[in-house]
Amino acid sequence: MELIGERWALPVIRELMLGGRRFSDIRASLPGISAKVLTERLASLEAVGIVTRTTLPAPTPAKLYVLTPWGLALEPVMQELGRWSVQSPEHDPQLPLTPVSLMLSFRTMLDRDAARGMEATVRFEVGADRFDAELSGAELRIMRAPPERAAADLVFRAAKGIAYLRAFYGKQPLDAPGLALEVEGARALAERFIACFHLPAKRPPPPDKQA
């Protein structure tokens, strides 16, 4: 906790888990954080070796913050925290998630038994964010998509992450009115893919809050 326990440290690490990002991009994904606090958190994470800085080559030499291999090794820790936290009786499964958070939730909540034997390439589009995924060997690999679009078995597209939450975790049918999640590819494959994701069951509320 001395290394990652400061306020906003874990959300900053989370936003870097799928690749390096600019300061402005990180701040845009975390609207509650001030520029001063973000600067301090990045500096402290860099000082202990969790984050490093790099510069993109010309013609767009932007400075990026990137997780070190040690920083990337925090993903299993964050997955366990995610599986633990959603069991809270107070957890709202429709709270908004950043696009990166949504992708990491898919990696966390994948039912590997249900996914065993399934092979698929998937494109996720959440607003302006694009991610390419591959499901193979009951593992889901996800990365930020390059500008050019690769062929994929399935493409999911929505303006906001809430549409994904309703389909993947709320199990609303893909043709449910108002779902606002577009799908390209075989409907049967899309439904089988979505069926591979589940939230853990909630814990019962404390006795003083039970009806």
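User: How much space lies in the second largest pocket?

Analyst: This is a predicted model, where local features need pLDDT of at least 70, side-chain atom pairs count only at pLDDT 80 or more, and totals for chains, interfaces and linings use all residues. Residues are numbered from 1 along each chain as its sequence is written, and side-chain values use heavy atoms, without hydrogens and water. A pocket is an open set of points on a 1 Å grid over the protein atoms alone, where a 1.4 Å probe fits, with protein on both sides within 12 Å along at least five of seven lines. Taking volume as the space filled by probe spheres set on the points, joined across faces, edges and corners, the second largest pocket holds about 360 Å³.

User: Which residues lie nearest the centre of the second largest pocket?

Analyst: Lining residues have an atom within 4 Å of a point. The second largest pocket has 15 of them, and those nearest its centre are Gly20, Arg21, Asp25, Arg144 and Ala145.

User: What is the volume of the largest pocket, and which residues are closest to its centre?

Analyst: The largest pocket has a volume of about 770 Å³. It is lined by 26 residues, and the closest to its centre are Arg14, Gly82, Ser85, Leu97 and Ser101.

User: Which element gives the most to the lining of the largest pocket?

Analyst: Helices are DSSP runs (H or I, at least four residues), numbered from the N terminus. Elements giving two or more residues to this lining are α1 (9–15), α5 (75–85), α6 (99–109) and α8 (161–169). With seven residues, the one that gives the most is α5.
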